[in-house]
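Hello,

Here is the structure for your files.

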Amino acid sequence: MYAEKLKQIAQIAWRGSAYEAGSRADETDEHVPEATGGRILLLVEPGGNREQLAGHLRELHQVLLPHDGHFPSEPFDLAIVDAAGFRRWHRQLIDAKLREEPTFLPVILIASRRDLRRRLRLFWDTIDEFVLTPIDRGEFMERVAMLFRARHLALTQRSRLAFVVNHDRLSGLPNLNLFMDRLTSAILDATVLNKPLYVTVVHVPLAHVLTSLGHQGFDRAAAFCAKRMRELLGPDVPLAQLGAEKWGLIHPVGLPMDGVLEVCGRIRRLAEEPIKVDGESIRVSPRVGIGGYPQDASDASDVLDCAISALAGAVDAGPMFYSKSDQDKALRFIRTESRLHEALEHNQFELWYQPQLRLGDRKLVAVEALVRWRLPGGQLVPPLDFMEVAEATGLICDIDRWVLAEACAAVHRWREQGVGVDRIAVNVSAEDVRADDFADVVEDTLDRFRIPSTALELELTETALFEISGKSLDKLNRLRQRGIDIAVDDFGTGYSSLSYLHQLPVTSLKIDKAFVKDVDTNDTNAAIIRTIILLARNFGLDTVAEGIETEAEAQYVTSLDVAVGQGYLYAKPMPEVDLRRWLRERRVAAGAVG
Ligand code: C2E
Ligand code: CA
Ligand code: CA
């Protein structure tokens, strides 16, 4: 009868705070004691009220006692001690409370009035509540129930907190935190079992939803995708939410590749039907990346990174496996990018010059300016090692503006000093021309260094030129009208249409060095060069052969009537001091001959 009433009180008290169990709570391994049936440790000396108290408590709870003079090793939810029990076990009680920190583990003291008067201070750090002797059964049971409720609340909060820390706020799915814990233990299992383990990362790009339906629409779209993927995967494949539009799954240890692909195929069915958000039908197309242990990486974080970097190569057609070289490339890319910023800030670029000679009489007609990057340690980085990054990040514009100014300053200097170099060719990328102020910058730079337009030639690769149209083409036309020459660099390597070439404001074709190589013995190269020369003649363009390395190549292109040559045979690209020395030596040699 009494027990029934207490049970009711306890249940009512619980209900207000109880954290609803179910799928969410299942995700954590927390022990939350039931309203009744908790574990109470009774540390009352046998001489005291032990049997009587144990009798009361057993009506509702499980009672633990020390066995053979040892503190029990089982966990408990509440301890009851008397003064003698406290003296004997207080160290163990403090340890147990510390182990549970910050969660409340209550301890009740059964005390006489004399104990309280004399020793209450001693008990402060360990005791949360006391019950005076002689014990009133009703009061005792109520106090136990109250503390038990406080314990229950603390545990509930702990498990809720664990849930919040380990789950996504919107989807309720395990988050990156929990995913990494699970992946770490799955990798341990795979190591022990000596079997492979695959991780899949799914990315569903939803940026278009964010821009059209705002962040709430985005959240709903993401939640919808998560729900659909759970349906497609079924209850046996756990899905985790790794980011706003990224999900992850850890395949069972030892699942072979075809099993992994089958699961990934289910995810890809997300693309089959549009999702419905705020009344709108939205098409989504998931991309799937796969990383594996042990073949791609040896720890959880690296395996996940492999799956994420595999995403970059994933296309709509199917999942993408991680490839080490892709990742190395990506890593090199970001490192180069950040160092290029530093290079610009700290003037680590140098300009080198390579002479261009008129083939008929080997007279110097110009130099080509070629950029070099000098690292703080002194090493020189050739442009091909950083051009791709510089172009992809737009940093090329800053670099080329520096190059242009440096080149114009050099020509100005050389003209003033009568060094014998009056003209300079500068490389320009399509990215440069796209900048609104491209033509202004070129003109301003010429004006700033007071050099005539005819002293400057811009080199654009065939590929770059054919990317240029509309406004950008107008900019080139404007510069051409001002008298600046424009060369098509690496001519023959692109896929230019002849009719388009005719519309471009170009003045010369620079035959790519690949065709110059062994031209004296390679019939195909000779035929290509002959065709290019014919084309140039018909369009009224000059020709330059680059990459001339041997006397035989030089004679051959000269015999074909190529106007200008450039290559290691004459000189490699060099810094200004070396160029000046080279010019002096040539003059001396010419003087000696003459
Ligand atoms: P490019 O414009 O075709 O430059 C010619 C490249 O061929 C240069 O390489 C040069 O050193 C090399 N070369 C010259 N003569 C010979 C030869 O006889 N044999 C061989 N095998 N190679 C020869 P570099 O300086 O490494 O430049 C590579 C590319 O980087 C350039 O190709 C150009 O596309 C780009 N680049 C260089 N400087 C700049 C710049 O300031 N701005 C832009 N946008 N691109 C630049
Ligand atoms: Ca060039
Ligand atoms: Ca070239």
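Which residues lie nearest the centre of the largest pocket? They are Leu370, Pro383, Leu384, Asn427 and Lys513, out of 40 lining residues. A pocket here is an open set of points on a 1 Å grid over the protein atoms alone, with protein on both sides within 12 Å along at least five of seven lines, and a lining residue has an atom within 4 Å of a point.

First, the ground rules. This is a predicted model, in which local features need pLDDT of at least 70 and side-chain atom pairs count only at pLDDT 80 or more, while totals for chains, interfaces and linings use all residues. Residues are numbered from 1 along each chain as its sequence is written, chains are lettered from A and ligands numbered from 1 in the order in which they are written, and side-chain values use heavy atoms, with hydrogens and water left out.

The pocket
The largest pocket holds about 1,100 Å³ of space, a volume being the space filled by probe spheres set on grid points that are joined across faces, edges and corners. Its lining divides into 16 nonpolar, eight polar and 16 charged residues. For these classes, Ala, Val, Leu, Ile, Met, Phe, Trp, Tyr, Cys and Pro are nonpolar, Asp, Glu, Lys and Arg are charged, and the others, Gly among them, are polar. Strand 14 gives the most to this lining, with five residues. Other elements that supply at least two residues each include helix 12 (387-393), strand 17 (456-461) and strand 18. Helices (H or I, at least four residues) and strands (E, at least two) are DSSP runs, numbered from the N terminus.

The calcium ions
The calcium ion (ligand 2) is coordinated by Glu368 (OE), Asn427 (OD1), Glu459 (OE) and Asp489 (OD), at 2.1 to 2.3 Å. Donors are N, O and S atoms within 2.8 Å of the metal (3.2 Å for Na, K and Ca), and water is not among the atoms, so sites may look incomplete. The donor residues of ligand 2 are spaced E-x58-N-x31-E-x29-D in sequence. Within this set, asparagine 427 in strand 16 and aspartate 489 in strand 18 (residues 485-491) link distant parts of the chain, 62 residues apart.

Aspartate 489 bridges the two calcium ions, ligand 3 and ligand 2, which lie 4.3 Å apart.

Aspartate 489 is buried, at 7% relative accessibility, whereas aspartate 490 is partly exposed at 23%. Buried means under 20% relative accessible area, exposed over 50%, and partly exposed in between (1.4 Å probe, protein chains only).

Ligand 1
Around ligand 1 there are 22 residues, of which Gln354, Asp400, Asp489, Glu549 and Tyr568 come nearest; a residue counts if one of its heavy atoms lies within 4 Å. Oxygen atoms of ligand 1 lie 2.9 Å from a polar side-chain atom of aspartate 489 and 2.9 Å from a side-chain N or O atom of lysine 513. For glutamate 368 the distance is 3.2 Å, again from a side-chain N or O atom to an oxygen atom of ligand 1.

The cavities
There are two cavities of 30 Å³ or more, a cavity being a set of points where a 1.4 Å probe fits but cannot get out. Helix 13 gives the largest share of its lining, four residues.

Regards

Key: Polar contact = N/O pair within 3.5 Å; in protein donor to acceptor, adjacent residues only side chain to side chain.
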